[in-house]
Amino acid sequence: MLNNKIAQAALIDVLNSNPFAGRDLFWEQHRFARDGYLKINHLMDPLVRDHVSEDVKYLLANYSKRRDFLIESTGNTPRHLSNVPQDKIEKYGAFIPVAYSSRYLMGLVESIVREEVIATPWKWDNYIINCQHKSGDTHGWHWGDYPYTIIWIVEAPEIEAGGLLECVPHTHWDKKNPRIENLLIDNKIESYFHLTGDVYLLKADTTLHRVKPITENVTRIILNTTWERARDINRVVEHETFVFRD
Ligand SMILES: [Fe+2]
C-alpha cells in the first residue's frame, strides 16, 4: 500500500512537471517539421506510458464497439476496427483524462511544435482508442481535423502481420474533393513499423496517413490523443469523418 502511494505521488509529480521547457530539441523540431512524424520514446516518461497502457487495456476490454464503414470525405476509404470513444474514456478512464490535460504532455508537444496548444475544442477528438483485431482490419487513408496527435502503441503485431503506418506529409485535405489516389501517385509514401510501447507525434492535419490492413487475426491497439493550436481556438472545424459517437 505504501509503495502504491509513493508510486501515485511520483506519477502526479511527473504530470505536473514540464522538463521540456528550455531543453534543446532542435533536431526533434527539425525532423517533425520535415516528416510530419516523430518517434518520441526517448522523451516520454515510462511511468506515464505504462499507466496509459494499463488504462487503454481496461477500457478496451469493457467499453469497445465494432465499426465497419466507408468515409465519404476521405474518398470512401474504409474503417474496419473496434474503438472506445472519448465519452467512455472520460467517464471510465482512470488515468488518460488526467494525463491529457497535464502540463507534462502539453509541454512535450509544445516543445516540439514550438507553439502553445490547447485541448481540441471538439471533445470527441481529445482522445480515442482504436483496435484492429481481424484479418483485413484497417484504418484507411485520412487526415486529422486537428494538427497535433500523440499515438501510443499499446499493442503491436509482428511486422509480417501487417498494420504498418503509412504517411504522406505536407498534403492538404480538401474535404469536398480529397483526391487521395492522385496524391499517392504524386508523392512518396513513408512507412513506419512500431513495437509495443512506442510513442510518436504526428502532424495529423497535413499528413495523409493510414494503418495498412492486418493480414492475420492479430491485435493492434493504439490510443490517439490530439491537441489544437491555442491561436486557433475560435477556428471553425467540420467533423464529417467523426461517426464514432454512438
Ligand atoms: Fe489518424
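The largest nonpolar core of this predicted model has 47 residues. Such a core is a set of buried Ala, Val, Leu, Ile, Met, Phe, Trp, Tyr and Cys residues joined through C-beta atoms within 7 Å. A residue counts as buried if 20 or more other C-beta atoms lie within 10 Å of its own, as exposed if 12 or fewer do, and as partly exposed in between; C-beta atoms are placed from the backbone. The residues with the most contacts inside the core are V56, V109, W152, L201 and L223. Two residues are in contact if their C-beta atoms, placed from the backbone, lie within 7 Å.

Start with V56. Leaving aside neighbours within four places in sequence, V56 is in contact with I129, V154, I221 and L223. L223 is also among the core residues with the most contacts.

Next comes L201, in strand 10. This strand covers residues 199-203, and five of its five residues are buried. V199, L201 and K203 point one way, while Y200 and L202 point the other way. Helices (H or I, at least four residues) and strands (E, at least two) are DSSP runs, numbered from the N terminus.

Which strands pair with strand 10? Strands pair if DSSP finds at least two bridges between them. Strand 1, residues 37-39, pairs with strand 10 in the antiparallel sense over three bridges. There, Y37 has L202 as its bridge partner. Strand 7, residues 148-155, also pairs with strand 10 in the antiparallel sense, over five bridges. Here I151 stands opposite Y200.

Now turn to helix 6, residues 103-113. Its buried residues include L105, M106, L108, V109, I112 and V113. Seen down the helix axis, the buried residues fall within an arc of 155°, so they line one face of helix 6. The arc is that of the directions from the helix axis to the C-beta atoms. After the helix comes R114, whose phi is positive, near 60°.

Finally, the whole protein. It has seven helices and twelve strands. Its radius of gyration is 17 Å, close to the 18 Å that the globule rule gives for 246 residues, so the protein is as compact as a globular protein of that length. The radius is taken over C-alpha atoms, and the rule is 2.2 Å times the number of residues to the power 0.38. Buried residues make up 36% of the 246 residues.

Residues are numbered from 1 along each chain as its sequence is written. In this predicted model, local features need pLDDT of at least 70, side-chain atom pairs count only at pLDDT 80 or more, and totals for chains, interfaces and linings use all residues.
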